[in-house]
Number of protein chains: 2
Amino acid sequence: VPPYEDGENYLEHFITLANRLADAAREIILPNYRKHTPVEDKPDHTPVTAVDRAVEAELRRLIWLAYPDHGIIGEESAPCQTDAEYIWVIDPIDGTKAFLCGIPVFGTLIALTREGIPILGIIDQPVIGERWLGVQGRPTTLNGARADTKTCPDLNRATLCATTPEMFTGSLATNFHRLTNAVKMTRYGTDCYAYGLLASGFVDLVVEADLSPYDYFAHVPIIQGAGGIITDWAGRTLTLHGKASCVVASGDRNLHRATLDLLA
Amino acid sequence: VPPYEDGENYLEHFITLANRLADAAREIILPNYRKHTPVEDKPDHTPVTAVDRAVEAELRRLIWLAYPDHGIIGEESAPCQTDAEYIWVIDPIDGTKAFLCGIPVFGTLIALTREGIPILGIIDQPVIGERWLGVQGRPTTLNGARADTKTCPDLNRATLCATTPEMFTGSLATNFHRLTNAVKMTRYGTDCYAYGLLASGFVDLVVEADLSPYDYFAHVPIIQGAGGIITDWAGRTLTLHGKASCVVASGDRNLHRATLDLLA
C-alpha cells in the first residue's frame with residue numbers, strides 16, 4: 001500500500017489499480033458474453049445477472065486488498081466506508097440490456113473520487129477491447145492514444161446521444177424533445193459508449209436522465225481530460241455531494257451552454 | 001461465368017461472389033472507420049459519405065464482372081436491369097449514422113433475389129468481424145457457425161429492437177407504442193445488427209418502418225434460415241414485387257402473430 005502524499009506517484013498507483021480492475025472485469029465478462037445469461041429483475045425493474053454480481057464482487061475484493069480504508073459505491077451492493085477520503089464508484093456492467101442483447105456498447109465503469117470529486121475514470125468495452133482512461137489534470141487516452149473532443153458550437157450541426165427516450169419523463173421529456181428537434185441527429189442505444197465516443201470527438205452531446213452516480217462518475221475525468229464539459233442539467237459540477245440524476249456532456253463549451261438553455 | 005441450371009452448384013457460385021463482395025466492402029470501410037468522414041445530406045435528409053459511394057461502386061463493378069446480365073438495386077445509385085431473373089440488392093453501409101458516430105452496429109447488406117424472392121443474404125459488420133450468411137433452404141451461419149433463433153412465444157418476455165423511435169409517425173407510432181408497452185424491453189440504435197442478433201437468438205423481435213428494399217432483403221434468408229419469420233406489418237412476404245416499408249422479424253412464429261395483432 002503506497003503512501004498517500006500528493007504528487008504524481010500516488011496517482012500512478014491508483015491508475016495501476018484501476019487498469020487491473022478493468023482487466024479483471026474483462027476476464028469475467030468475455031467468457032459470459034452471448035451465452036444466454038439468466039436475468040433477474042431488480043426492484044427498480046432494471047435487469048441484473050450473475051455476471052454483474054461476480055464482476056462487482058471481484059472489483060471490491062481487489063480494491064479492499066490494495067486500499068482497505070477506501071470507500072466503495074457499486075451498483076449491485078451496499079455502499080461501504082462512504083466517509084473515506086477516497087471512494088471508488090463502480091458499475092460492473094453499464095448497459096446490462098445491451099450485454100444481454102449481445103450489442104457491444106456496454107462497459108465496465110470505474111471511478112475514483114477524492115473528497116467527493118471524481119479524479120480518475122475508466123470506461124472499458126471488453127468485446128471490442130477499448131479502454132478510455134481519464135485522470136484529473138492529464139490528457140484522456142483511448143487504449144493509450146490521446147483522445148480529444150470535437151469543436152461543434154452549433155446545435156443544428158450536433159450529434160446527440162442518449163441510451164433511450166424512455167429515460168425522460170414529464171417535463172424532462174418535453175425539454176429533451178425540444179433538444180432533439182434542435183440538433184442535427186439523435187442516436188439512441190448508446191449506454192456508456194457514447195461518453196467515450198464524445199471524448200474521442202465522434203459525438204457532440206450526450207444528454208441523459210434517471211442516472212445514478214455509478215452511471216456517470218467515470219465519465220467526468222474522461223470528458224474533462226479530452227477537452228469537454230460534463231454537468232447536471234442545471235450546469236452544476238458532478239460530485240458525490242450532489243444528487244444529480246440528469247447529465248449533459250459536451251465536447252464544446254458553447255454547445256454545452258446552448259443545450260442547458262434549451263433544457264432549462 | 002457459371003451456367004445457370006438449378007442445383008447446388010449455381011448457389012455456390014453466388015455465395016462465393018457474395019462473400020467476395022463483403023470482403024471488398026470491409027477493405028474500403030475499415031481504413032475509413034473513425035476518420036471523421038465528411039458527410040453530405042441526401043434529398044431525403046439521410047446522410048451519405050464518399051465511403052458509402054465507394055463501396056457501392058466497387059460492389060457493382062464486381063457483380064457486373066461476374067454476372068453482366070444480373071440486375072442491381074443499391075442505396076446510392078440508380079437501379080439497373082431490374083427485369084433480370086437475378087437482382088442483387090445492396091446497401092453499402094446500413095447505419096451510416098452509426099458509422100459516423102463510430103458505433104459498430106452498422107453493416108454492409110448484400111442480397112440476391114431470384115424472380116423477386118430473396119434467396120441469399122449477408123449482413124457484414126466489418127469492425128467486430130461478424131458475417132451472417134443466409135441461403136434459401138440452408139441453415140444460417142454467423143462466421144461459419146450455425147445461428148438459430150430463440151423461442152419466445154410471449155410478448156411480455158420479448159426483447160424488441162428498432163433503430164429509432166423517429167422512424168414511426170402517425171398511426172404507425174401509435175401502434176408501435178402499443179407494442180413497446182407490451183414487451184419486456186425495447187432497445188433502440190440497432191440498425192442491421194439487430195436482425196443478425198435475432199438470427200443468433202439474442203433478440204426476439206425487430207419491428208421497423210420507413211425502410212427501403214435494400215434495408216431488409218438481406219435479412220430475409222438470414223432470418224428464415226435461422227428458424228425465424230420476417231414479413232411486413234400485414235404479415236405479407238417480402239418480395240421485390242411488394243413495396244413494403246414496414247417490417248416485423250421474429251424468432252418465434254407465435255410471437256410474430258401476437259405482434260402483428262398488436263400492430264394491426
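Predicted model: local features only at pLDDT ≥ 70, side-chain atom pairs only at ≥ 80, totals over all residues.
1. In terms of contacts, 35 residues of chain A meet 35 residues of chain B. Because 100% of the interface residues of chain A are also interface residues in chain B, the copies meet through the same surface.

2. Chain A is superposed on chain B by a rotation of 180° with 0.0 Å of shift along its axis, the RMSD being 0.0 Å, and this is the relation of a two-fold axis. In chain A, the C-alpha nearest the axis belongs to A:G189, at 2.3 Å from it.

3. The count of salt bridges between the two chains is six; one of them joins B:R34 to A:E130, with the closest N and O atoms 2.8 Å apart. The elements of chain A that give two or more residues to the side touching chain B are α3 (96–101), β11 (185–188) and α5 (193–199).

4. Turning to helix α8 of chain B (residues 253–263), the buried residues are B:L255, B:H256, B:T259, B:L260, B:L262 and B:L263. Seen down the axis of α8(B), they fall within an arc of 160°, so they line one face of the helix. Their cover includes α4 (170–182), β12 (205–208), β13 (229–232) and β14 (247–250) of chain B. At the start of α8(B), a side-chain oxygen of B:D252 comes to within 2.9 Å of the backbone nitrogen of B:N254.

Terms used: Residues numbered from 1 in each chain as written. Chains lettered and ligands numbered in written order. Heavy atoms only, no water. Buried < 20%, exposed > 50% of the residue type's maximum accessible area, 1.4 Å probe, protein only. Helix = DSSP H or I, 4+ residues; strand = E, 2+ residues; numbered from the N terminus. Arc of directions from axis to C-beta. Contact = heavy atoms within 4.5 Å. Polar contact = N/O pair within 3.5 Å; in protein donor to acceptor, adjacent residues only side chain to side chain. Least-squares fit on C-alpha atoms with pLDDT ≥ 70 in both. Salt bridge = Lys/Arg side-chain N within 4 Å of Asp/Glu carboxyl O.
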